[in-house]
Structure formats: structure tokens, C-alpha cells
Amino acid sequence: MRGKFITLEGTEGVGKTTNMAFIQQWLTDQCIDFVTTREPGGTPLAEDIRHLLLTHRDEAVDETAELLLMFAARSQHIAQVIEPALAAGKWVLCDRFTDATYAYQGGGRGQSTEHIAQLEQLVQGDLRPDLTLLLDLPVDVGLQRARKRSDPDRFEAERQQFFTRVRDAYLERARQQPKRCQVVDASLPLEQVQGQIDTALQQFIAEANHD
Ligand code: Z5A
């Protein structure tokens with residue numbers, strides 16, 4: 001049987017890395033065979049593209065070039081990692097996927113949603129996540145949390161208004177696709193955040209077993 005595809009999304013400082021570890025443990029406890037990966041990245045070539053995308057540079061980065069690089073990395077990632085794993089019956093847990101493109105390149109940069117949808121169709125065909133956990137919290141809280149970490153990369157250096165547009169675009173995606181996209185209130189203490197994730201995963205498994 002084909003595996004399930006779960007993605008984790010959110011703006012700056014929502015706690016993706018922290019909660020990826022929680023979900024990995026959760027899947028392990030359920031004896032589910034899974035692979036963990038991330039975007040942009042997940043293969044040597046796609047990780048090279050990630051480096052190109054996140055590095056600060058003197059040259060202005062054309063927004064269409066940025067969009068195409070995201071999908072170039074994704075195409076390689078799907079071919080090398082995601083599709084083979086799903087076809088082998090493994091679950092795939094991915095730190096960000098195409099919702100991030102709608103949120104950052106669409107909402108944040110103002111790139112056309114139609115163009116993103118066309119690239120999504122070209123690169124992914126019918127492949128879509130089965131479940132997306134959207135960690136959500138007010139932008140200022142997330143930025144305060146993120147500031148405690150290392151120096152900001154090219155995206156993290158954006159202003160608060162940029163992340164507000166990103167957050168709004170994520171929430172709009174969740175409103176449009178409420179079954180696939182579960183919004184988690186990431187402003188709560190970690191234990192309560194993980195309680196919500198646990199509930200969403202249990203519900204997802206129950207529905208998957210029912211299908
Ligand atoms: N990007 C894009 O533009 N288009 C695309 O299509 C894709 C990506 C796929 C790299 O992503 C960049 O790529 C990303 C968007 C762009 N840039 N940004 N911004 P990334 O996923 O690698 O980058 P990230 O956003 O920095 O993710 P992260 O490292 O997982 O960070 P995080 O979500 O902030 O997670 P964290 O490090 O676990 O948490 C931050 C801090 O908060 C940390 O100190 C935690 O201990 C703390 N924390 C976590 N949860 C809590 C709670 N509940 N209470 C209090 N404190 C907490």
C-alpha cells in the first residue's frame with residue numbers, strides 16, 4: 001500500500017524543528033515506517049539549491065528565479081526521495097512543501113498564484129500532501145523566538161510585514177483546504193502544541209484506516 005505524505009508548515013519561529021522531532025517519535029511509537037526530509041532540499045542537488053536560495057548575496061534575486069529554483073529543488077526531491085518512498089509504502093514526513101511556496105513566494109513576494117499552481121501541476125502531477133500541520137502564531141511572537149537563534153538567512157532577514165503576508169497566505173490555504181490542512185495554535189506552551197498535533201495525527205490515522 002502507498003505511504004502517506006505529511007507536511008509541516010509555518011512562519012518564522014513557530015517551532016517546526018522542535019515539533020518535527022515530536023512527530024518522528026510519534027510515528028516511531030506507532031511502528032510506522034517513515035522517512036524524514038525537508039524543503040528546499042532533501043537530496044544533494046536540492047540541498048545545493050537550498051544553499052543558493054538562503055545565502056545572502058549582493059546581486060538582487062529575481063523573484064521568478066527564486067520561484068523556479070524552489071520548484072527545481074522540489075522536482076529533484078520528488079523524483080529521488082518522496083515518490084520512491086511513498087511507492088515503497090513508507091510515510092514521508094516533510095519539513096515544508098508547496099504550501100510554503102504559496103505562502104512565501106505567493107503571499108510574501110506577491111508572485112502570481114496561477115503561476116505557482118501551473119508549476120505545481122507541472123512538477124507534482126497529482127502529488128499533494130495527505131495531511132498538513134500548519135503551526136500558527138502571531139508574527140511578532142515568532143520573530144522574538146527566532147531571534148534567539150543563529151544569524152538570519154536571506155528569508156529570515158525579511159521585515160515583519162513580509163511575514164504577516166506569509167502568515168495570511170498560509171491561513172487562507174488552510175481555510176480553502178480544511179480537511180488536509182490542520183491549523184495548530186503554536187502560541188501555547190509546547191506540551192499543549194504537541195497535544196494538538198497528537199489529536200490531529202490520531203484523527204488522520206483513524207480516517208486512513210477507515211478508507
Ligand atoms: N521557503 C520558501 O520561501 N518557499 C518554499 O517553497 C519553501 C521554503 C519550501 C527555509 O526554511 C526557508 O525557505 C524558509 C522559507 C523558505 N525561511 N524562512 N523563514 P526552514 O524551514 O529551514 O526555516 P525556518 O523557518 O527557520 O524553520 P525552523 O528552523 O524549523 O524554525 P522554527 O519553526 O522557528 O523552529 P524551532 O527552531 O523549533 O523554534 C524556534 C524557537 O522557539 C526555539 O528556540 C524553540 O525552542 C522555541 N519554541 C518552539 N516551540 C515553542 C513553544 N510552544 N513555546 C515557546 N517556545 C517555543
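**Cavity, pocket and cores**

The model is a predicted one, and the count of cavities of 30 Å³ or more comes to 1. Which residues line the largest cavity? They are Gly 10, Thr 11, Leu 134, Leu 135, Asp 136, Leu 137, Arg 167 and Tyr 170. Two elements give two or more residues to this lining, strand E4 (131-136) and helix H7 (160-176). E4 has the largest share, with 3 residues. Sorted by class, the cavity lining has 4 nonpolar, 2 polar and 2 charged residues.

Now the open space. The largest pocket holds about 760 Å³. Its lining is made of 34 residues, and those nearest the centre are Glu 12, Lys 16, Arg 96, Arg 149 and Glu 156. The elements giving two or more residues to the pocket lining are helices H1 (16-29), H2 (44-54), H3 (63-87), H4 (98-108), H6 (139-147) and H8 (190-210). By class, 14 of the lining residues are nonpolar, 8 are polar and 12 are charged.

In soluble globular proteins, nonpolar side chains tend to be buried together. Here the largest nonpolar core has 23 residues, and Ile 23, Leu 27, Trp 91, Leu 133, Leu 135, Ile 197 and Leu 201 have the most contacts inside it. At least two residues each come from strand E1 (5-10), H1, strand E3 (91-95), E4 and H8. Of these, H8 supplies the largest share of the core, 6 residues. What does Leu 201 touch, leaving out residues up to four places away in sequence? Its partners are Ile 6, Ile 23, Trp 26, Leu 131 and Leu 133. There is also a second, separate core of 21 residues, including Leu 53, Leu 134, Tyr 170 and Ala 174.

Last, the chain as a whole. It has 8 helices and 5 strands, and from the N terminus the elements run β-α-β-α-α-β-α-α-β-α-α-β-α. Buried residues are 48% of the 211 in the chain. Among contacts with a separation of 6 or more, 80% join residues 24 or more positions apart. The C-alpha trace spans about 50 × 40 × 30 Å along its principal axes. The radius of gyration is 17 Å, which agrees with the value near 17 Å for a compact globule of 211 residues.

Conventions
Residues numbered from 1 in each chain as written. Predicted model: local features only at pLDDT ≥ 70, side-chain atom pairs only at ≥ 80, totals over all residues. Heavy atoms only, no water. 1 Å grid on protein atoms, 1.4 Å probe; cavity = no way out; pocket = protein on both sides within 12 Å on 5 of 7 lines; lining within 4 Å. Points joined across faces, edges and corners; volume = space filled by probe spheres on them. Helix = DSSP H or I, 4+ residues; strand = E, 2+ residues; numbered from the N terminus. Nonpolar A, V, L, I, M, F, W, Y, C, P; charged D, E, K, R; others polar. Core = buried A, V, L, I, M, F, W, Y, C linked by side-chain atoms within 4.5 Å. Buried < 20%, exposed > 50% of the residue type's maximum accessible area, 1.4 Å probe, protein only. Contact = heavy atoms within 4.5 Å. Rg over C-alpha atoms; globule rule 2.2 N^0.38 Å.
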